[in-house]
Structures are given as C-alpha cells and as structure tokens.
Amino acid sequence: ACYNKALAIEPRSAEAMSALATGLTSGWLLEFSAEKLARGVEIGRRAVEFDPLLAKAHAATGFGLLFLDGLAAAREPIERALALNPDDWFCLTNRSMVCVYEGKPEEARHWLERSRRLNPLPPIWLTEFECITRFGEERFAEVLAGVEVIPDGTWDMMYALACYGHLGLADKAKATLARFASQGRRPDFGLGAEREPYTDPAIRKLLIDGLKKASAL
C-alpha cells in the first residue's frame, strides 16, 4: 500500500517500482501466485526503463524472472544489477540464487557470505536462502532450520515437506498440510516443484520425490 501511494505521488519513481516489484514477486514464494509474479516482473521492467542505472530494479526483475521464465531469462538482469552495484547486499543475494539453481551451492554460499558482511542484520529470508543451498546436497535437517521459520510461505513449506518426506517425519508433514487446510489454502506443491528452475533435473527430482514421500507418510 505504501509503495502504491509513493507511485501515486511520483509515478516515475523507479525506487518505488523496484520495491513494489519485489513485494509482488514474493507472492510466488508466499502463495504460488502466478498473477502477482507476472505483475512484479512487469513493474520491475518498468523500473528499469525509468532508471536503467538502478541496480535494485534489475535485481528485482531478475529474481521474478527466475520463477516466471527460468534461469536463462533471469541471469542477465541479475548480472547487470551486480555490474551496476557490486556492493549491494540485495543484488548479491539474488546472485546466490542463480548459483543455487545452477547446482553450485558453494558459490551460492560465497555470495551470501558477502551479502551478510554488508548487512549483518538482514531480513529472515537471507538465512532461508542459505539453508536452501543445502537441499541439493541432501542436508535436509539444515534446510529445515531455514524454512520452518516461515511456516506460512508455500515455497518454504514445499521444501519443508520434501525434507520431512526424505527424513520420514510423518507428524510434521501431516501438521503442515493440516495447517494449510485450516487456513483454507491448498497450494499445488507439485506445480511449485516443477517450476523450480534447476538446471540439474536430479535436484528437482529430489524435491518432487520428497513431496511424494511426505504425502504418503
């Protein structure tokens, strides 16, 4: 609401557009909203048009594109963001996610370590991303440490359920699904898993197989 108010005052504010784009693309992580995701990318692209030198505009657009059109589409704006501002912690964090989906967890953690040095009091999702780097390494308990703290995020709980499945944690899997049902929410976790832009199909299969195990517990 505040970002929309800012744009009502100054319709050409690329800063406000970038922030709004980030909030909207987060709709995919929170509720698998394809509509919000597409809208966020659209607004991010507008921000780039109004201020092509604003690193955050490129970063916000690139992050949304990861889930909208895949890794190839996202890589250029995320790299452009870092070229414009190599010391922006938000841009570094987004670059780490490119590495996650490329199957390069060590490199992803390198970017996240740099990000944390620049912002020692980051939002909770920085830890979330740090833990996601461990999923492809099958370090499921460590993944859970990052995603369980965001219990109403569909993306986080997709990974949590997959970890529960692989670890045989039936009670936690059932409680998670029951909590979503009590909220009147029935996310398509299978669709979410299919949309994860991993270049290595084995990691996506690991995610899908974990979800299947969780549903069978």
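This is a predicted model: local features need pLDDT of at least 70, side-chain atom pairs count only at pLDDT 80 or more; totals for chains, interfaces and linings use all residues.

Colleague: Where does one begin with a pair of packed helices?

Modeller: Two packed helices are described by the angle between their axes and by the distance between those axes. Take helix H3, residues 34–50, and H4, which pack at an angle of about 150° with their axes 8 Å apart. Since angles over 145 degrees count as roughly antiparallel, H3 is roughly antiparallel to H4.

Colleague: What is the handedness of the crossing of H3 and H4, and which residues in H3 meet which in H4?

Modeller: The crossing of H3 and H4 is left-handed. On the H3 side the contact involves Leu37, Ala38, Val41, Gly44, Arg45, Ala47 and Val48, which meet Ala57, His58, Thr61, Gly64, Leu65, Phe67 and Leu68 in H4. By class, the residues of this contact divide into nine nonpolar, four polar and one charged.

Colleague: How do H4 and helix H5 pack?

Modeller: H4 packs with helix H5, residues 71–84, at an angle of about 160°, and the two axes lie 7 Å apart. H4 and H5 are therefore roughly antiparallel to each other, and their crossing is left-handed. From H4 the contact draws on Ala55, His58, Ala59, Gly62, Phe63, Leu65 and Leu66, while H5 contributes Leu71, Ala73, Ala74, Pro77, Ile78, Arg80, Ala81 and Leu84. The class count for the contact of H4 with H5 is 12 nonpolar, two polar and one charged.

Colleague: At what angle do helix H10 and helix H13 pack?

Modeller: Helix H10, residues 154–167, and helix H13, residues 201–216, pack at about 70°, with their axes 7 Å apart. Angles of 65 to 115 degrees count as roughly perpendicular, so H10 and H13 are roughly perpendicular to each other. Here Met158, Tyr159, Leu161, Ala162, Gly165 and His166 in H10 meet Leu206, Leu207, Asp209, Gly210, Leu211, Lys213 and Ala214 in H13. The contact has eight nonpolar, three polar and two charged residues.

Colleague: Turning to the largest pocket, how much space lies in it, and which residues are closest to its centre?

Modeller: The largest pocket holds about 270 Å³ of space. It is lined by 15 residues, of which Ser26, Leu29, Trp125, Glu128 and Phe129 are the closest to its centre.

Colleague: Which helices supply at least two residues of that lining, and how does the lining divide by class?

Modeller: Helix H2 (14–31), helix H4 (55–68), helix H6 (89–101) and helix H8 (125–132) each supply at least two residues, and H2 provides the largest share, with five. The lining divides into nine nonpolar, four polar and two charged residues.

Note on methods: Residues are numbered from 1 along each chain as its sequence is written. Side-chain values use heavy atoms; hydrogens and water are left out. On a 1 Å grid over the protein atoms alone, a cavity is a set of points where a 1.4 Å probe fits but cannot get out, and a pocket is an open set with protein on both sides within 12 Å along at least five of seven lines; lining residues have an atom within 4 Å of a point. Grid points are joined across faces, edges and corners, and a volume is the space filled by probe spheres set on the points. Helices (H or I, at least four residues) and strands (E, at least two) are DSSP runs, numbered from the N terminus. Ala, Val, Leu, Ile, Met, Phe, Trp, Tyr, Cys and Pro count as nonpolar, Asp, Glu, Lys and Arg as charged, and the others, Gly among them, as polar. Axes are lines fitted to C-alpha atoms, for helices over the stretch in contact, and angles run from 0 to 180 degrees between N-to-C directions. Angles under 35 degrees count as roughly parallel, over 145 as roughly antiparallel, 65 to 115 as roughly perpendicular and the rest as oblique. A crossing is left-handed if the near helix is turned anticlockwise from the far one by less than a right angle, and right-handed if clockwise. Contact means heavy atoms within 4.5 Å.
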